[in-house]
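Me: I'd like to go through this protein with you, one question at a time. Here it is.

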Amino acid sequence: MLNTEKAIDSLVEKGWYEQRNVLSVDEVKALGKLCQNRTLVKAAIGKGDSRAINEGIRSDNISWLTDNETDKPVIEYQQNLDVFRQELNQSLYLGLSELECHFAQYPKGSFYKAHKDSFKETDRRSITFITYLNPDWKEGDGGELRLYLPEGMVDIKPYGGTVICFKSSEILHEVLMSNTERLSLTGWFLKRAM
């Protein structure tokens, strides 16, 4: 289970938080299998009319979660995230009203160059969170998340069950090239629309 108190403290102090073994091996395998069995599409960059597929910047495949999911592991995951959203609101008064989330699959050789998770025309994305679904990830498999922080670079290893969250508009980050399939659930808590 996510240590929400530590996560909130770390978000305030450092702007990011990482915790291993948030999900059990069985939960990781169940969600990973669901990811592999979904219809995945090439991920785009940008928003609205400016959306475009550019595999020189981003080469993963995604499948968005909806409010009508029927698979129990996904429903439970969404419910747990909603609890975290409520705790963030109670502690930090962020006004987070929505969740958007997708499965992400990085095939061998894929990556996502350095970027921030906010758009020029809107800053609704407040907190990014990633849950890794790679039960057998090992050194050399690649696909690490690199954070560019004031104190230097930090590489997060995508071990199955690990969760990382960070301030969407503040942390420059990238997904390093994956040498094997890399799976995750990636999402954002959104501020209320003005």
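Me: Which side chain meets Glu55 in a salt bridge?

Reply: Quick note before we start: this is a predicted model, where local features need pLDDT of at least 70, side-chain atom pairs count only at pLDDT 80 or more, and totals for chains, interfaces and linings use all residues. Residues are numbered from 1 along each chain as its sequence is written, and side-chain values use heavy atoms, with hydrogens and water left out. A salt bridge is a side-chain nitrogen of Lys or Arg within 4 Å of a carboxyl oxygen of Asp or Glu. Here the N to O distance is 3.4 Å, and the partner of Glu55 is Lys42.

Me: Is Lys42 buried or exposed, or something in between?

Reply: Buried means under 20% relative accessible area, exposed over 50%, and partly exposed in between (1.4 Å probe, protein chains only). Lys42 has a relative accessible area of 35%, so the label is partly exposed.

Me: What about Glu69: buried or exposed?

Reply: Glu69 has a salt bridge with Arg38, at 3.0 Å from N to O. That pair links distant parts of the chain, 31 residues apart. The relative accessibility of Glu69 is 13%, so this residue counts as buried.

Me: How far apart are the closest N and O atoms of Asp155 and Arg146?

Reply: These two residues form a salt bridge, and Asp155 is partly exposed at 37% relative accessible area. The closest N and O atoms are apart by 2.8 Å.

Me: What is the volume of the largest pocket?

Reply: On a 1 Å grid over the protein atoms alone, a pocket is an open set of points where a 1.4 Å probe fits, with protein on both sides within 12 Å along at least five of seven lines; lining residues have an atom within 4 Å of a point. Grid points are joined across faces, edges and corners, and a volume is the space filled by probe spheres set on the points. For the largest pocket that comes to about 670 Å³.

Me: Which element gives the most to the lining of the second largest pocket?

Reply: This pocket has a volume of about 330 Å³, and 15 residues line it, with Met1 and Leu2 among those nearest its centre. Helices (H or I, at least four residues) and strands (E, at least two) are DSSP runs, numbered from the N terminus. With six residues, the element that gives the most is helix 3.
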